[in-house]
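Trainee: I am new to this structure and would like to learn how to read it, one feature at a time. Could we look at it together and begin with a single residue?

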Amino acid sequence: MRTVYLDHAATTPLDERVLEAMLPYLKDNYGNANSPHHLGQKSKVVVEDAREKVANLIGAEPSEIVFTSGGTESDNAVIKGVLAVSGDKNEVITSELEHHAVLHTVELAKMNGIKPVFAKAKNCGTITADAVKEVITDKTALVTVMHVNNEIGTINPLKEIAEVCHEHGVPFHSDTVQSLGKLPVDVKKLGIDFLSGSAHKIYGPKGTGIMYVKNGSRWIPWVNGGSQERRRRGGTLNVPGIVGFAKALELAVSEMDEHQKHFEKLRSLLLELMDEKLNFNYTVNGPKDKGVPHIVNLSFSDEQGHYIDGEMLLLNLDIEGICVSNGSACTSGAVEPSHVLNGIGMEEGLAKSSIRISFGKQNTEEDVQYFVDKLDAVLNRMFSLA
C-alpha cells in the first residue's frame with residue numbers, strides 16, 4: 001500500500017545528512033563529554049562546536065544555549081525556573097492555544113500559588129501585543145507565547161509582544177518548536193529572553209532540544225544532579241543528538257527559502273484540488289493566508305450542515321495509507337475537540353470534524369493529488385452513512 005505522510009508537524013523523518021553527522025558519535029567516538037580522558041574531551045569539543053553553531057543560527061551567544069531532551073523539557077525548565085525566583089510576582093500570562101507542555105506546566109504551578117492569566121486570541125488564532133498589554137500587571141512574573149501554533153499555523157508577533165513585556169520589566173519566553181528552521185528566528189532581533197526548540201521537527205533526532213536563556217536572566221535550573229551544561233541542566237550529554245540538532249538546524253536554515261516555496265506550492269494545489277473535486281464544504285481553520293504554509297487545518301460538512309467525526313476520518317484515511325493528524329499528536333486519543341479550535345471560538349461539531357495536514361520537504365504534488373482523491377472517496381462513504 002502506498003504511504004503518504006502528511007504529519008510533519010508531529011515529527012519528521014531523520015535527514016540522511018544528519019544521520020551521517022551523528023554516526024561517529026553513536027559508534028566509535030562514544031566518550032562522555034564530562035570525562036577528562038581523550039575520548040571524553042573529543043566529545044566535549046564537538047558539543048561546544050555544536051553549541052556555537054546553534055547559537056550563531058539563532059543570533060545568540062554560545063553561553064546562552066542549553067541542550068535538553070526536547071521542547072517539552074525546555075518549556076518546563078523555563079517556566080518552573082523563572083517562577084522559582086519570581087518573589088511576590090505570582091502571575092503567568094499565556095494563551096489558551098499553547099502546547100500542553102506550556103499549559104499543563106502553568107496549570108500545575110497553581111499548586112504553588114501561581115495564577116494563570118490568558119491573553120485573548122483573535123479568531124484567526126493570533127495573540128497580539130495589545131492582548132498581552134491588556135492583562136500584564138506588576139504581578140506578572142513571566143509571559144509565554146508560542147511563535148507558530150502547532151495545530152493551525154498562526155504566526156504570533158513576538159517582537160511586538162517582547163516590547164510590551166520589557167516595558168513592564170517582565171521576561172518573555174516563546175516555544176519556537178514549530179518555527180525554528182522554518183521561519184527566521186533571531187533572539188536578539190525578536191527581543192525574547194527564553195526560547196524552546198526541538199530537533200525532531202526539523203529532520204533531526206528525537207529526544208534532543210535546546211533552551212535559550214538570555215545572559216543575565218533571573219532563572220534557576222530545573223533538572224539537577226550534575227555539573228553538565230555549566231550546572232544549568234544535569235544529566236549525561238546526548239552527544240549524537242546534539243551533533244544531529246546542530247546539523248539539522250544548519251540544513252533547515254540554509255534551505256528555508258526553498259522549503260517555504262515548496263510548501264506554498266503544495267498548499268495552493270491542495271486548496272485548488274479540493275475546490276475542484278470535493279462535493280462537500282470545507283473550512284480552513286485559523287489564518288487563511290498569513291500563517292505558515294506547511295500547516296493546514298481543515299473541517300468538513302455537507303450541504304445539510306452535518307459534520308463527520310475527525311477521529312474516524314483520520315482512521316479511514318490511514319486505511320488508505322495517508323498519515324494526518326486531528327490536532328496535536330500529544331492529544332491523540334482525546335474525545336473532546338482540540339483546545340486550540342475551542343480557543344478560537346469554533347463551533348463544537350465543526351471542531352470535532354477537523355484534521356491537520358502538515359507538509360514536509362519530501363512531499364510531492366502527486367502526494368497531494370493522491371490525498372485529495374482518497375479524501376473525496378472517504379468523505380463520500382462517511383457522509384452517506386451519517
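Mentor: Let us begin with Thr144, which is buried, with a relative accessible area of 0%; buried means under 20% relative accessible area, exposed means over 50%, and partly exposed lies in between, with a 1.4 Å probe and protein chains only. This is a predicted model, in which local features need pLDDT of at least 70 and side-chain atom pairs count only at pLDDT 80 or more, while totals for chains, interfaces and linings use all residues. Residues are numbered from 1 along each chain as its sequence is written, and side-chain values use heavy atoms, with hydrogens and water left out.

Trainee: In which strand is the place of Thr144, and which residues does Thr144 touch, not counting those up to four places away in sequence?

Mentor: Thr144 has its place in strand S5, where helices (H or I, at least four residues) and strands (E, at least two) are DSSP runs numbered from the N terminus. Leaving aside residues up to four places away in sequence, Thr144 touches Val92, Ile93, Thr94, Ser95, Glu98, Val102 and His173, contact meaning heavy atoms within 4.5 Å.

Trainee: Which residues of H4 are buried, and what covers them?

Mentor: In H4, the buried residues are Ala101, Val102, Leu103, Thr105 and Val106. The cover over the buried residues of H4 includes H3, strand S3 (91–94), strand S4 (115–118), strand S5 (140–144) and helix H12 (339–343).

Trainee: How should I read the packing of two helices?

Mentor: Two packed helices are described by the angle between their axes and the distance between the axes. Here helix H3 (residues 71–83) and helix H4 (residues 100–108) pack at an angle of about 35°, with their axes 9 Å apart; axes are lines fitted to C-alpha atoms, for helices over the stretch in contact, and angles run from 0 to 180 degrees between N-to-C directions. Thr72, Asp75, Asn76, Ile79 and Lys80 of H3 make the contact with Ala101, Val102, Thr105, Val106 and Leu108 of H4.

Trainee: And how do I read a sheet?

Mentor: Strands of a sheet pair through backbone hydrogen bonds, either parallel or antiparallel. In this model, an open sheet of 3 strands has the order S9-S10-S12, with antiparallel pairing, where two strands pair if DSSP finds at least two bridges between them. Strand S9 (281–285) and strand S12 (355–358) stand at the edges with a single partner strand each, so one side of each is left without a neighbour in the sheet. The twist from one strand to the next averages 35°. Strand S10 (residues 295–301) is joined to S12 by 4 bridges, and Val296 has Ile357 in S12 as its bridge partner. Helix H14 (residues 365–385) packs on the sheet and touches S10 and S12, its direction making about 30° with that of S10.

Trainee: Is Pro13 in a loop or in a strand, and which residues does Pro13 touch, not counting those up to four places away in sequence?

Mentor: Pro13 lies in the loop between strand S1 (4–5) and helix H1 (16–26), and Pro13 is partly exposed, with a relative accessible area of 33%. Not counting residues up to four places away in sequence, Pro13 touches His8, Tyr203 and Gln362.

Trainee: How many helices and strands are there in the chain?

Mentor: The chain has 14 helices and 12 strands, and buried residues make up 57% of its 386 residues.
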